Amino acid sequence: MVNFDGPIVFCVVSRYHGGAFVVFSGTLNDTMEVAAVEGSYASVIGGAPAAAVVFSAEVRKRTAADPRVADLQAAIAEATASGADDKVSALRARLGSVWPAVHAEKLGQLADEFDSVHSIERAREVGSVHAIVSASRLRSYLIDAVRRGMQRTLAARGEAPG
């Protein structure tokens with residue numbers, strides 16, 4: 001990519017994140033045109049990894065605040081205070097099965113929130129993507145994009161298009 005002399009047309013057809021989002025950003029290379037098919041996604045890190053790693057404390061907080069978990073934790077505290085050890089054990093076992101399900105649900109919700117904010121539309125707004133194209137127009141768009149790139153490259157070299 002660094003030593004390539006000519007137009008570059010990059011098209012996102014599904015998901016565009018992480019290193020690809022950075023390396024193939026339209027803001028970093030004047031000779032590159034970046035398009036995306038409608039419905040594709042773009043972010044520096046995908047929603048699921050962001051929720052699991054970057055926002056793990058928020059996922060835990062939301063899980064603990066969920067009534068299914070909070071009610072069980074309150075019941076455990078109450079049973080512990082009253083000395084009902086057999087009830088405490090049963091409630092902890094129930095919490096052990098409820099927590100992972102609620103956690104997974106909250107992780108998915110936060111991932112969706114992240115993906116809705118870091119969308120392909122936002123990537124276009126900040127200049128990382130030049131155009132969002134419908135699948136039915138993709139072929140003609142890419143052909144035109146290569147032609148535009150060739151014209152820019154030839155003009156930059158002082159050559160006439162042939």
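Modeller: Let's start with a term: a residue is buried when its relative accessible area is under 20%, exposed when over 50%, and partly exposed in between, using a 1.4 Å probe and protein chains only. Before we use that, note that this is a predicted model, where local features need pLDDT of at least 70, side-chain atom pairs count only at pLDDT 80 or more, and totals for chains, interfaces and linings use all residues. Residues are numbered from 1 along each chain as its sequence is written, and side-chain values use heavy atoms, with hydrogens and water left out.

Biologist: Got it. How do I read a strand, and how many residues of strand β3 are buried?

Modeller: Strands (E, at least two residues) and helices (H or I, at least four) are DSSP runs, numbered from the N terminus. For β3, residues 32-37, six of the six residues are buried, so the strand is largely enclosed by the rest of the structure. M32, V34 and A36 point one way, E33, A35 and V37 point the other way, and all are buried.

Biologist: And which way does β1 run relative to β3, parallel or antiparallel?

Modeller: Two strands pair if DSSP finds at least two bridges between them. Here β1 (residues 8-12) and β3 run parallel, joined by five bridges.

Biologist: What about nonpolar cores? Which residues make up the largest one?

Modeller: A nonpolar core is a set of buried Ala, Val, Leu, Ile, Met, Phe, Trp, Tyr and Cys residues joined through side-chain atoms within 4.5 Å. The largest has twelve residues: I8, F10, V12, Y16, M32, V34, A36, A42, I120, A123, V129 and I132. β1, β3 and α6 (120-125) are the elements giving two or more residues to this core. Apart from it lies another core, of nine residues, including L72, I76, L91 and V102.

Biologist: Now contacts. What does T63 touch?

Modeller: Contact means heavy atoms within 4.5 Å. Leaving out residues up to four places away in sequence, T63 touches V69, W99, V102, H103 and K106. T63 lies in helix α3, residues 56-65, and counts as buried at 0% relative accessibility.

Biologist: Last one: how many salt bridges are there?

Modeller: A salt bridge is a side-chain nitrogen of Lys or Arg within 4 Å of a carboxyl oxygen of Asp or Glu. By this rule the count is seven. Take E58 and R62, whose closest N and O atoms are 2.7 Å apart. They sit four residues apart in α3, so about one helical turn separates them. E58 is partly exposed at 27% relative accessible area, and R62 is partly exposed at 25%.

Biologist: Where else can I look, say around D144?

Modeller: D144 forms a salt bridge with R147, the closest N and O atoms being 3.6 Å apart. They are three residues apart in helix α7 (residues 138-157), so again separated by about one helical turn. D144 is partly exposed, at 36%. Elsewhere, salt bridges that share partners join D66, R68, E105 and K106 into one network. D66 counts as buried at 8% relative accessibility, whereas R68 is partly exposed, with 39%.
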